[in-house]
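Please have the model open while reading.

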Amino acid sequence: MTQIAVHCEGVRKHYGSKRALDGLTLSIPHGRVVGILGPNGSGKSTLFRLLTGLTLADKGRVQVLGRPPGWRTNRDIAYLPDRARWYPDHTVRQAFTWAENFLPGFDPETAKRLAEFMKVDLDANVRDMSRGQEARVMLILCIARRVPLIILDEPFSGIDTVSRARIIEGLIDHVSDGERTVLISTHELYEAEALFDHAMFLDAGRVVLSGDADELRRQYGSMNSVMKTLYR
């Protein structure tokens with residue numbers, strides 16, 4: 001039987017009068033790299049906060065790795081939120097030391113290999129980094145953890161095209177092994193769609209289309225074409 005990494009059934013979430021999720025239902029098998037896609041306000045970040053236990057559903061059922069989300073599941077989740085930042089007074093090497101001591105499953109040797117591939121200087125101070133360089137550090141801190149579930153919310157936002165291509169190339173090599181489930185929300189579909197083996201499109205807090213990435217590309221031509229068709 002296929003293990004389900006994430007399951008949501010009839011999930012509703014409001015922020016005051018704003019409806020963020022409206023009866024959201026989905027299941028994601030373990031080992032997939034899944035694009036969670038849609039326009040701003042479609043519910044992607046709210047879904048991620050529910051999966052990490054940072055917020056609670058108003059109604060419905062949420063399970064992560066077979067359990068309700070919370071402190072028991074968070075040891076098994078590496079989460080990179082939108083606009084994440086690192087401590088500006090640390091070097092990259094110090095950040096990796098901190099992560100080794102405090103983040104379950106963090107592999108410092110993997111982190112160093114990723115840093116070398118992404119051209120990140122271990123002795124560089126975060127304060128002196130460009131937005132793209134800092135984004136690489138944040139991503140490495142997340143994906144160098146050997147955990148069953150990785151959640152990346154807009155990991156390429158505000159990053160220049162060259163840096164984005166380098167980061168995505170490193171991600172493809174690192175996470176496409178079928179050993180972990182990876183959820184990625186991004187608007188940078190032109191470069192990032194090569195990462196996905198499955199895609200889910202959200203609108204107004206519901207899944208409006210879900211399918212195998214290759215099959216969707218055969219039908220529509222690209223993920224960008226799917227977006228234009230669904231949200232025009």
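Which residues point one way from β7, and which the other way? T181, L183 and S185 point one way, V182 and I184 the other, and all are buried.

## Basis

The model is predicted: local features need pLDDT of at least 70, side-chain atom pairs count only at pLDDT 80 or more, and totals for chains, interfaces and linings use all residues. Residues are numbered from 1 along each chain as its sequence is written, and side-chain values use heavy atoms, leaving out hydrogens and water.

## Strand β7

Buried means under 20% relative accessible area, with a 1.4 Å probe and protein chains only.

## Partners of β7

β7 pairs in the parallel sense with β3 (residues 33-37) over three bridges. Pairing requires at least two DSSP bridges. V34 stands opposite L183.

β6 (residues 149-153) and β7 also pair in the parallel sense, over five bridges. Here L152 stands opposite I184. The chain runs from β6 through α6 to β7. This β-α-β crossover is right-handed (clockwise from first strand over the helix to the second, with the strands pointing away from the viewer).

## Helices α4 and α6

α4 (residues 108-117) packs on α6 (residues 161-175) at about 140 degrees, with axes 10 Å apart. Axes are lines fitted to C-alpha atoms over the stretch in contact, and angles run from 0 to 180 degrees between N-to-C directions. The contact (heavy atoms within 4.5 Å) involves T110, L114 and F117 of α4. From α6 come R166, E169, G170, D173 and H174.

Technical notes:
Helices (H or I, at least four residues) and strands (E, at least two) are DSSP runs, numbered from the N terminus. Buried means under 20% relative accessible area, exposed over 50%, partly exposed in between (1.4 Å probe, protein chains only).
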